[in-house]
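Thanks for making the time this morning. I would like to walk you through one model, and I will give the cut-offs as we go.

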Amino acid sequence: MERTRAWRRSQAHKDVPKPLMRLPYQQPEKNWKLLYTRAEKLLRARQLGLSYPIRTTRQLLDQE
């Protein structure tokens, strides 16, 4: 049996529990300061399904 790179990668992930295996698109941004403008931050937050800017509970209640 020839052990290819694909075989090694599958073996490496075989015993890892499912919650620990996160796909790259499930991870939050590492550093929001690297997104320079507010428009870029809002666009990226919308893509990730996050609310931005992060509002406190008090701010949300005051908004209503």
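Let me begin with a definition: a polar contact is a pair of N or O atoms within 3.5 Å, where, within protein, one must be able to donate a hydrogen and the other to accept it, and residues adjacent in sequence count only if both atoms are side-chain atoms. With that in hand, the side chain of Gln 59 reaches the backbone nitrogen of Thr 56 at 2.9 Å.

This is a predicted model, in which local features need pLDDT of at least 70 and side-chain atom pairs count only at pLDDT 80 or more, while totals for chains, interfaces and linings use all residues. Residues are numbered from 1 along each chain as its sequence is written, and side-chain values use heavy atoms, with hydrogens and water left out.

On confidence, pLDDT being the predictor's confidence in each residue from 0 to 100, the protein chain averages 78, and 78% of the residues score at least 70. Helix 3 has the lowest confidence, at a mean of 84, and helix 1 (residues 5-12) the highest, at 87.

The chain has three helices and zero strands, where helices (H or I, at least four residues) and strands (E, at least two) are DSSP runs numbered from the N terminus. Of its 64 residues, 5% count as buried, and here buried means under 20% relative accessible area, exposed over 50%, and partly exposed in between, with a 1.4 Å probe and protein chains only.

Lys 41, in helix 2 (residues 38-48), is buried yet has no salt bridge, and the nearest side chain of opposite charge, Glu 40, is 8.2 Å away. For the charges, Lys and Arg count as positive and Asp and Glu as negative, while His and the chain ends are not counted; a salt bridge is a side-chain nitrogen of Lys or Arg within 4 Å of a carboxyl oxygen of Asp or Glu. Leaving aside residues up to four places away in sequence, Lys 41 touches Trp 32, Leu 35 and Tyr 52, contact meaning heavy atoms within 4.5 Å.
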